[in-house]
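Subject: Structure handover

Hello,

The structure is below, with notes on what was found in it. Please read the notes with the coordinates open.

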Amino acid sequence: MAASSGVQTLVDLSTMEERHVIITYRLDRATILELCAQLEPDLMSAIRHPTGIPPLVQVLSVLHFLASGSFQTTVAFASGMSQPMFSNVLSRVLSALLKHMRSYTVFPQVEDLPTVKGDFYALGHIPNIIGAIDGTHVALVPPPAGVNRCTETGRVIIR
């Protein structure tokens, strides 16, 4: 299917099986479309450029990149764009996602950690779990002894 902007769209989300959508993008079709609608105002400026890419293609290509852990060149080719163009799209979509991050991501407060750990333990009998991402296990390793993070500036201070 060809996009009206001149960029060849190689993916038609409406014809993909739901299972394949979830495997490829780690989100279901409805969530992807909702996300596109929310990010569209931030991504529309790209369409005004003659080589602009529709918001759905931008979001799908970035979701595929994040879900696959592949290289920009590979995802760009699969999405019908050049690597430099994909690099711009990646930056634009990630910036738009950051604007809306608090709508989708919740981090527990320090005072809630014992309750959160207890709730996760009750679910899977795995100790010291404070969150889950897409069902993926992510090991959090504390910094080496003597390293403290200064939260006001984001700088790491070694003592």
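Predicted model: local features only at pLDDT ≥ 70, side-chain atom pairs only at ≥ 80, totals over all residues.

Leaving out neighbours within four places in sequence, leucine 43 has contacts with Pro55, Gln58, Val59, Arg92, Val93 and Ala96, where contact means heavy atoms within 4.5 Å. Leucine 43 sits in helix α2 (residues 29-43) and counts as buried because its relative accessibility is 0%. The scale is: buried under 20% relative accessible area, exposed over 50%, partly exposed in between (1.4 Å probe, protein chains only).

Residues are numbered from 1 along each chain as its sequence is written, and side-chain values use heavy atoms, with hydrogens and water left out.

Overall content

The protein chain has eight helices and two strands, in the order α-α-α-α-α-α-α-α-β-β along the sequence. Helices (H or I, at least four residues) and strands (E, at least two) are DSSP runs, numbered from the N terminus. Of the 159 residues, 25% are buried. Taking contacts between residues at least 6 apart in sequence, 44% join residues at least 24 apart. The accessible surface comes to about 11,000 Å², and 61% of it belongs to carbon and sulfur atoms; areas come from the Shrake-Rupley method with a 1.4 Å probe, and for residues only the protein chains shown count as cover.

Helix packing

Helix α5 (residues 72-79) packs against helix α6 (residues 83-99) at about 95 degrees, the axes being 8 Å apart. Axes are lines fitted to C-alpha atoms, for helices over the stretch in contact, and angles run from 0 to 180 degrees between N-to-C directions. The two helices are therefore roughly perpendicular, a label that covers 65 to 115 degrees (under 35 is roughly parallel, over 145 roughly antiparallel, the rest oblique). On the α5 side the contact involves Gln72, Thr73, Val75 and Ala76, and on the α6 side Gln83, Phe86, Ser87 and Leu90.

Salt bridges

The whole structure contains two salt bridges, each defined as a side-chain nitrogen of Lys or Arg within 4 Å of a carboxyl oxygen of Asp or Glu. Glutamate 18 is in helix α1 (residues 18-25) and arginine 29 in helix α2, eleven residues apart. The other joins lysine 99 and aspartate 42, with the closest N and O atoms 2.9 Å apart. Lysine 99 belongs to helix α6 and aspartate 42 to helix α2, so this pair ties together parts 57 residues apart in sequence. Lysine 99 is exposed at 61% relative accessibility, whereas aspartate 42 is partly exposed at 22%.

Surface and backbone

Leu98, Met101 and Phe107 make a nonpolar surface patch of about 330 Å². Patches consist of residues with over 30% relative accessible area and no salt bridge, with like charges joined within 9 Å and nonpolar side chains (Val, Leu, Ile, Met, Phe, Trp, Tyr) within 5 Å. Phenylalanine 107 lies in the loop between α7 (101-104) and α8 (113-124).

Two non-glycine residues to check for positive phi are arginine 26, near 65 degrees, and histidine 125, near 60 degrees. Arginine 26 is in the loop between α1 and α2; histidine 125 is in the loop between α8 and β1 (147-149).

Regards
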